[in-house]
Amino acid sequence: MLLAFAIIYFVWGSTFLAIRAGVREVPPFLLAGIRFLIAGVVLYGWMRAKGTPSPSLREWGGSTLLAILIFVCDYGLLFWAEKRVPSGIAAVMMATIPVFMAISEIAILQTQRLTVRLAIALLVGMGGVGVLVSHSVSLGDAPIDTAGACALIVAAISWSIAASLTRRVPLPAAKPMSSGSQMLAGGLLLLVTAALLGEFRGFHMQAVSRGAWLALAYLIVAGSIVGFTAYVWLLHHESPTKVGTYAYVNPVVAVLVGYFLGGEAIGPRTIVGTLLVLVSVVVITTAPKVTPRLLTGTSIPVNQVSPNAKQDCDVGTDLA
């Protein structure tokens, strides 16, 4: 039990630094494509070997739609942004996914009502992002790269859209097969994107250092395969609320790993921005979910929001 929690806490938190190490030498969309294609093949092949039927044509369509949002737009942009943004800050920015999920539920899906608590939490979260990216706020250290920050925000929004669509598109009933098919489709689409962006031109595999290949192997084996296995096992043995606590731990682990192992600075801007984002995420994900009032003036109480918006997606991928 403790080992499984340690994996989703510390392994997933450390994958952000592994991404940054990899994209120093391998083009970002190409690196992401290799990672998820291999992980998808392994997971898909494992489920087929266990006798799980292959997804139907409609289910492949649903998996492909989510793969575009999750892998091309979310992970592709995350890998691209980490060429410009420290790994710890990238993890903090991606922790805003519950913020965008809440905004989507309130403004678009209208499945959540804006309360004072939620409004304050949303403002705090956006304030944290503002502290990290603002050029007008002086906190002793430089703001993060604007293009990288924008890419991370788009990535977080893309995942929140995918989370909203998950229950509306046809997917395989078995979650590991659903995850494997999405990784497989996502890996292929990322490689196509890499080709369209010209990332294959001038890239020579023999020029890539052993460290970059080790980073990729870590992302595939530890981050995707081992991390996913631990995550699914925990979901069957612990409550989603307890499992979802990795949403709060991962950014902190990523910041510390980036500082101690990656030589990334932790200044006042990073500390303040991280605290604001994490406070916002904790408040949003632990708030009771209340639907908008009906015409009769009553409201329907439902279960609490999942501790992590990514957990609501029917995918077995990690934060990074």
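L69 has its place in helix α3, which spans residues 57-81, and the model in which it is described here is a predicted one. With a relative accessible area of 15%, L69 falls under the 20% limit and is therefore buried. Leaving aside residues up to four places away in sequence, L69 touches D74, S158, I161, A162 and L165. The C-alpha atoms of L69 and V282, which lie 213 residues apart along the chain, are separated by 25 Å.

**Helix α4 and its burial**

- Helix α4 comprises residues 87-94, and it is mostly covered, since eight of its eight residues are buried.
- The buried residues of α4 are S87, G88, I89, A90, A91, V92, M93 and M94.

**Contact of α4 with α6**

- The axes of α4 and of helix α6, which runs over residues 116-133, come within 10 Å and cross at roughly 155 degrees. Because this angle is over 145 degrees, α4 is roughly antiparallel to α6.
- In passing α6, helix α4 makes a left-handed crossing.
- On the α4 side the contact involves I89, V92 and M93, which meet V129, L132 and V133 of α6; by class, the residues of this contact divide into six nonpolar, no polar and no charged.

**Contact of α4 with α11**

- The axes of α4 and α11 come within 7 Å and cross at roughly 170 degrees, and the two helices are therefore roughly antiparallel to each other.
- From α4 the contact draws on S87, G88, A91 and V92, and from α11 on P251, A254, V255 and G258; these residues divide into five nonpolar, three polar and no charged.
- V92 of α4 takes part both in the contact with α6 and in the contact with α11.

**Contact of α1 with α11**

- The axes of α1 and α11 come within 7 Å and cross at roughly 50 degrees, which makes α1 oblique to α11.
- The crossing of α1 and α11 is right-handed.
- Residues I8, Y9, F10, W12, G13, S14, F16 and L17 of α1 meet Y246, V249, N250, V253, A254, V257 and G258 of α11, and by class the contact has eleven nonpolar, four polar and no charged residues.

**Aromatic pairs**

- The structure holds eleven aromatic pairs, one of them being the tilted pair of W12 and Y231, with 5.6 Å centre to centre and 45 degrees between the planes.
- This pair links distant parts of the chain, as W12 is in helix α1 (residues 2-23) and Y231 is in helix α9 (residues 210-237), 219 residues apart. Both W12 and Y231 are buried.
- Y231 also forms an edge-to-face pair with Y246, at 6.0 Å centre to centre and with 90 degrees between the planes. Y231 lies in helix α9 and Y246 in helix α11 (residues 246-260), so the pair ties together parts that are 15 residues apart in sequence.
- Elsewhere, ring pairs link F36, F71, Y75 and W159 into a cluster.

Note on methods. Residues are numbered from 1 along each chain as its sequence is written. This is a predicted model: local features need pLDDT of at least 70, side-chain atom pairs count only at pLDDT 80 or more; totals for chains, interfaces and linings use all residues. Side-chain values use heavy atoms; hydrogens and water are left out. Axes are lines fitted to C-alpha atoms, for helices over the stretch in contact, and angles run from 0 to 180 degrees between N-to-C directions. Helices (H or I, at least four residues) and strands (E, at least two) are DSSP runs, numbered from the N terminus. Angles under 35 degrees count as roughly parallel, over 145 as roughly antiparallel, 65 to 115 as roughly perpendicular and the rest as oblique. A crossing is left-handed if the near helix is turned anticlockwise from the far one by less than a right angle, and right-handed if clockwise. Contact means heavy atoms within 4.5 Å. Ala, Val, Leu, Ile, Met, Phe, Trp, Tyr, Cys and Pro count as nonpolar, Asp, Glu, Lys and Arg as charged, and the others, Gly among them, as polar. Rings of Phe, Tyr and Trp (its six-membered ring) pair if their centres lie within 6.5 Å; planes under 30 degrees apart count as stacked, over 60 as edge-to-face and the rest as tilted. Buried means under 20% relative accessible area, exposed over 50%, partly exposed in between (1.4 Å probe, protein chains only).
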